[in-house]
Amino acid sequence: MKKLIKLKSKISYGKHYIDKNDNTSVVKSLNSGVLSGGKNIIFFEKKIKEYLKSKYALACSSGTAALHLAFLSLNLKKNDVVILPVINFVAAANILSLMNINFFFADVDKETGQITEKTFKECLKKNNIKKVKVLLTSYMGGNIYNYQHIINLKNKYGFLLLEDACHALGSQYKIKNKYYKIGSCKHADIATFSFHPLKTITTGEGGLVTTNKNHIYKKIKLLRSHGFNYQKKYWNYNLEFSGLNYRMSDINAALGFSQLKKIAFFLKKRYSIAYRYNKGLKNLKYVSLPELQKYSSWHLYIIKIDFKKIKISRNYLIKKLNSINIFPQIHYTPNTNFKKFNKLNKYQFKNAKKYYESCLSLPIYFKYSKKNQEIVIKNLINILS
């Protein structure tokens with residue numbers, strides 16, 4: 001192995017970006033006299049639904065809160081069935097477990113980590129499922145695969161489609177030669193987003209639900225603020241049903257609005273980083289690179305490595321990279337690997353196992369310099385060759 005090049009500072013797999021305009025927007029909000037329930041929320045929701053071209057957008061306190069609100073709005077009953085991918089962040093499974101909802105994991109494509117028509121049907125057959133109430137999809141790293149197939153399944157089985165789009169703000173999909181933004185809800189019932197610091201844009205912590213269905217919008221609007229229905233007189237309100245405090249603050253919304261102005265620059269930079277990775281790593285044997293999608297948010301850049309054929313372990317690779325200030329990540333451990341959900345590992349998720357054993361997320365973020373990326377690529381080539 002050639003000598004590795006140590007970077008001067010830590011390069012993590014993701015990092016937020018804040019500029020002077022963001023600072024100004026937040027300070028202005030702090031000095032406005034209104035920190036919660038003010039105009040910044042309304043303004044941010046208006047601008048983001050214009051960007052996504054959805055009818056409704058509701059900001060909330062986190063991506064997990066967005067998922068919880070989405071599930072609550074669907075009036076799920078004890079025997080209703082929800083299907084979700086076994087490779088995904090654990091938030092959705094945790095929520096469904098806490099709600100005592102009947103849910104099943106579906107296997108995923110071994111390359112993309114996403115549900116396919118085949119894995120959906122296998123889930124139905126293995127678990128003897130007759131009717132599905134909700135299918136939750138997720139878009140690993142922000143790349144969109146098999147969207148038309150999911151819509152075909154929706155039309156055939158009549159389920160509600162909930163998009164866990166926390167990786168995919170800015171991503172687009174194609175139906176009949178026309179592109180739509182994820183979150184437009186042109187073909188889905190609800191979409192949820194996260195504004196965690198490592199996502200496309202950040203509000204510090206925050207989330208969003210989009211939908212085109214008025215009854216879902218009305219219910220989520222009440223649910224995120226304890227279930228209170230306020231009348232024209234601010235002191236006169238009624239409790240419609242039990243809700244929660246999932247409101248976003250005006251400070252977070254002010255940061256989100258400022259960040260949203262830069263989303264085109266963020267997406268362009270992330271695509272250029274993915275492009276350079278694909279170009280620089282294309283000749284590595286036993287390494288599979290993601291499809292270079294132009295209309296992806298590129299929240300993550302995930303490669304697949306056949307560690308058995310290279311004859312090193314992933315732990316060895318990560319430790320070697322850590323020693324030279326490069327800190328990749330793994331997205332994600334299959335939910336059924338966790339003790340909490342291990343009892344649901346009744347059937348083998350062969351594709352998920354292959355995906356998990358080979359995946360590695362490389363650094364990708366707005367201020368990731370071309371020079372540092374070239375050093376990361378050289379080091380990877382030196383180790384993996």
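Residues are numbered from 1 along each chain as its sequence is written, and side-chain values use heavy atoms, with hydrogens and water left out. Since the model is predicted, local features need pLDDT of at least 70 and side-chain atom pairs count only at pLDDT 80 or more, whereas totals for chains, interfaces and linings use all residues.

A search of the whole structure finds 11 salt bridges, a salt bridge being a side-chain nitrogen of Lys or Arg within 4 Å of a carboxyl oxygen of Asp or Glu. In one of them, Lys 304 is paired with Glu 111, and the closest N and O atoms are 4.0 Å apart. Because Lys 304 lies in strand β14 (residues 301-305) and Glu 111 in the loop between β4 and α5, this pair ties together parts that are 193 residues apart in sequence; helices (H or I, at least four residues) and strands (E, at least two) are DSSP runs, numbered from the N terminus. Lys 304 is buried, with a relative accessible area of 7%, whereas Glu 111 is partly exposed at 37%. Here buried means under 20% relative accessible area, exposed over 50%, and partly exposed in between (1.4 Å probe, protein chains only).

Lys 110, Lys 126, Lys 350 and Lys 354 form a positive surface patch. Such patches are made of residues with over 30% relative accessible area and no salt bridge, like charges being joined within 9 Å and nonpolar side chains (Val, Leu, Ile, Met, Phe, Trp, Tyr) within 5 Å. Of these lysines, Lys 110 is found in the loop between β4 (102-106) and α5 (117-126) and is partly exposed, with a relative accessible area of 38%.

Rings of Phe, Tyr and Trp (its six-membered ring) pair if their centres lie within 6.5 Å, and planes under 30 degrees apart count as stacked, over 60 as edge-to-face and the rest as tilted. By this rule the count comes to 23 aromatic pairs. Among them, Tyr 17 and Phe 266 are edge-to-face, at 6.1 Å centre to centre with 85° between the planes. Tyr 17 lies in the loop between β1 (11-12) and α1 (20-30) and Phe 266 in helix α9 (residues 263-281), so the pair ties together parts that are 249 residues apart in sequence. Tyr 17 is partly exposed, with a relative accessible area of 23%, while Phe 266 is buried at 3%. The rings of Tyr 173 and Tyr 180, by contrast, are stacked, because their centres are 5.6 Å apart and their planes are at 25°. Tyr 173 is buried, with a relative accessible area of 3%, and Tyr 180 is likewise buried at 17%. One aromatic cluster is formed by Tyr 277, Trp 298, Tyr 301, Tyr 365 and Tyr 368.

Most residues other than glycine have a negative phi, and most peptide bonds are trans. In this model, a cis peptide bond joins His 331 and Tyr 332, with omega about -10°, and Tyr 332 lies in the loop between β15 (326-327) and α12 (350-358). Tyr 286, which is not a glycine, has a positive phi of about 65°; this tyrosine is found in the loop between α9 and β13 (287-288) and is partly exposed at 36% relative accessibility. Lys 311 also has a positive phi, near 70°, and is placed in the loop between α10 (307-310) and α11 (314-323), where Lys 311 is exposed with a relative accessible area of 71%.

Ile 87, in the loop between β3 (81-85) and α4 (91-98), is buried at 0% relative accessibility, and its C-alpha is 19 Å from that of His 68, 19 residues away in sequence. Met 99 lies in the loop between α4 and β4 and is partly exposed at 21% relative accessibility; 31 Å separates the C-alpha atoms of Met 99 and Cys 359, which are 260 residues apart along the chain.

Conventions
Areas by Shrake-Rupley, 256 points an atom, 1.4 Å probe, with all protein chains shown as cover. Lys, Arg positive; Asp, Glu negative; His and termini not counted. Charge placed at Lys NZ, Arg CZ, Asp CG, Glu CD.
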